[in-house]
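Student: Please take a close look at a single residue and its setting, and then at the chain that holds it and that chain's contacts with its partners.

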Amino acid sequence: MKGNEAIAEAAIQAGCRHYFGYPITPQTEVAAYMAKRMPKIGGCFLQAESEIAAINMVYGVASAGKRVMTSSSSPGISLKGEGISYMAGANLPALVVNVQRGGPGLGGIQPSQSDYNQATRGGAHGDFHLLVLAPASVQEMADLTMLGFDLADKYRMTAMILADGTMGQMMEPVEIHPREIPECDKSWALTGTKMQRERNIINSLSMDPYDLERMNLERYERYAAVERDEVRYESYRMDDAEICVVAFGIAARVAKNAINEARKQGVKVGLIRPITLWPFPKAPLKAAAETCKSFITVELNMGQMVDDVRLATECKRPIITCNRTGGVIPSAAEVYNAIMNAQKGGQAE
Amino acid sequence: MSVVFQKPHALTDAVLHYCPGCTHGIVHRLVAEAIDELGIEGKTIGVAPVGCAVFAYDYFNCDVAEAAHGRAPAVATGLKRAEPSNIVFTYQGDGDLASIGTAETVHAAARNENITVIFINNAIYGMTGGQMAPTSLPGQVTQTSPYGRDVNHCGYPVRICEMLATLDGPEYLERVAVNNVKNVRAAKKAIKKAFQNQIDGKGFSLVEVLSSCPTNWGMTPVKALEWIDEKMIPYYPLGVYKDRSAGKGEAK
Amino acid sequence: MTHSYLIAGFGGQGLLFAGKFLVYKGMLEGKEVSWLPSYGPAMRGGTANCSVIVSDEPVGSPIVDHPDVLMVMNLPSLDKYEDAVVPGGTIFVDSTLIERKVKRTDVNVYYVPATKLAAESGMTTLANMILTGKIMQALGEYDQAHVDDALHHVVSAKHPEMFDFNQKALALGRDYQE
């Protein structure tokens, strides 16, 4: 199964019955899959007139208290930014999938991770975060999609799957099982008062700055809980590591090959792979800064996550960056060379 | 003693923030009366716009979602698709519906989305202080057309009912005004019909309401109502532009 | 044991399908597998390829930079990827479509006139599977039960008649001797 299809099927198994989207490479298989499946299970697939309309349809279904998702690729996510900000302000849970391609602008259609900053900083106006999940396999495309719905509901926030063209297009074995959807209080939802309760309002507006501040503080209390309880990462061959590679998604897969090669040469190197990009796994990186002599970041961008690594390690160790951009994927050989460079005591480029 | 006149149940007790002489209050009341008379308050969900009616969620006594500027038809689409048995309406001004949200409006109509749209056309941006609207008349003086709307420079007004009537999609399109008793009564009838259509599953029903903005037009409330007759109605003729079930305006 | 395949040629030659078949076969044999296509306009006629990895170990990067098995069905792909093959690796060439010989001397090469064989047997669209049959035979991995099992997974249910054709094409490749 392709990664994009795994996302779609996992969403359905997670109880999502509403999908709105607009075609864009390389994520269109999500929409195609939904178009095929939704009518057969009593769900709703609708191709919207624009990304903007799609995200606002998501806003509508989320307001009604139901699980809903949209998917797109980088330029489309920029268009969705408005709606994503409104959903953050209105505390609406939903899942947004970004199968990244090279940018900026129309960019290209090959895999990229250059929306890292956009995703981890909210990606639109206002004080807010998305819960950002970065799959590195087709199985994780499915698993993190399901998890994303659960966490979105739990914290009343939008979760984002930050994948890339490789993850979307590749095929790997995957198991997707129907699962129990955790109980979740949605008494805030717009279901109609039935003349039996006070009316519910979904909005992001407050003309009183103190009130708006209170709303933002309340939201950040939830974010603090997310940072405390929901950090996820993979630690790979780190036990005795002197060099720590940090990479997510496809870059982490490439890095693993290089690490295994370097290990054969006796180089003590390991990998920390953030699975949640926000919240970022600061603690394990801080700990690694105590035991490792240097870091290497591998990204499909000009170097965006490296700033979070610098913050997490408090700039205690040199960081070598190994980046390719525009849709180019760093090769295992390039990462291997970076590891060997670090082994020789090479400094950051 | 019998009560001969009272506030509709579907309006809250909140004091309207609208300017003196503004006709938003009338239209709010007409919408609320329709909701009361059809007995649908408990399953009605409103979608408020950005613009003067941004606080509509404080006034309607039902569940309300506040949408981003222009996106109300998309939000309403989501709400309706999530629970088709609910009654979903949007309440939008001209900047919201006919400028920034044109695409959402046209495509909701093209899909014959089973929602009710109340469209307030007062030919100006009220909330931001009187700038040119997509529906401002040729020659109309506004803050951003201080020498009068020059159609050679910034184009012509958009006639929404006429434009949407060219589509096969929508069920019902009518333009009304609220500048005198007779027109208000006709407006009430149109708004109620637009809700009834949704209850009957007929589809996209939009009522365009020619409204006044004395503050930003720089007129007394009375003069503003006259201006609707003198200037607006000639450019925006009242009437039913499409009523599929009645065989009116059906595309060939 | 890990095989990394790079399968390259023109869009429309069934390269992705051949890769998909190999990946299903590997999966059904209990291996770790990945399949990564080139995508975009390449899907519609340009040069296309796919990376396939079949391994006893979990698959790291799904991108095959240095294949140990290269299957090529047009000249630009041979030009582009010949040097990328690991020493000791194997190149499978559709010799109907590619006239030149492989220059490298440190790799094994099989020349199979797959397109011609396909045309002669009335299966013009299955040169891809003829080459795939040869690959499995050369690698000693032609297991009829697993082949049939994998074919059942990749041949569209809408075209059951294609099962037999694919099976024949694979056998034709397996039995071809230069």
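Tutor: A residue is called buried here if 20 or more other C-beta atoms lie within 10 Å of its own. By that rule, 58% of the 349 residues of chain A count as buried. The model is a predicted one.

The residue to look at is Ala136(A), which sits in the loop between β5 (131-133) and α6 (138-155) of chain A. Ala136(A) counts as buried because it has 24 C-beta neighbours inside 10 Å. Setting aside the neighbours within four places in sequence, Ala136(A) is in contact with Phe248(A), Gly249(A), Ile250(A), Ala252(A), Arg253(A) and Arg273(A). Leu162(A) is 26 residues away from Ala136(A) along the chain, and their C-alpha atoms are separated by 10.0 Å.

Now the chain around this loop. Chain A has 12 helices and 13 strands. Its C-alpha atoms fill a box of roughly 75 × 45 × 40 Å along the principal axes. A compact globule of 349 residues would have a radius of gyration near 20 Å, and the 20 Å of chain A agrees with this. Of the contacts in chain A between residues at least 6 apart in sequence, 79% join residues at least 24 apart.

Next, the partner chains. On the side of chain A that touches chain C, 18 residues of chain A meet 14 residues of chain C. Two elements of chain A, α7 (165-169) and α9 (249-264), each supply at least two residues to that side. The most comes from α9(A), with 5 residues. By type, the residues of chain A on this side divide into 8 nonpolar, 7 polar and 3 charged.

With chain B, 32 residues of chain A are in contact with 29 residues of chain B. The elements of chain B that give two or more residues to this contact are β1 (44-48), β2 (63-66), α3 (72-82) and α5 (102-110). The largest share of the chain B side, 8 residues, comes from α3(B). That side of chain B holds 14 nonpolar, 7 polar and 8 charged residues. Strand pairing also links the two chains: β7 (residues 201-202) of chain A and β2(B) pair in the parallel sense over 2 bridges. Within β2(B), Ala65(B) stands opposite Ile202(A).

How values were computed. Residues are numbered from 1 along each chain as its sequence is written. Chains are lettered from A and ligands numbered from 1 in the order in which they are written. This is a predicted model: local features need pLDDT of at least 70, side-chain atom pairs count only at pLDDT 80 or more; totals for chains, interfaces and linings use all residues. Helices (H or I, at least four residues) and strands (E, at least two) are DSSP runs, numbered from the N terminus. A residue is buried if 20 or more other C-beta atoms lie within 10 Å of its own, exposed if 12 or fewer, and partly exposed in between; C-beta atoms are placed from the backbone. Two residues are in contact if their C-beta atoms, placed from the backbone, lie within 7 Å. The radius of gyration is taken over C-alpha atoms; the globule rule is 2.2 Å times the number of residues to the power 0.38. Ala, Val, Leu, Ile, Met, Phe, Trp, Tyr, Cys and Pro count as nonpolar, Asp, Glu, Lys and Arg as charged, and the others, Gly among them, as polar. Two strands pair if DSSP finds at least two bridges between them.
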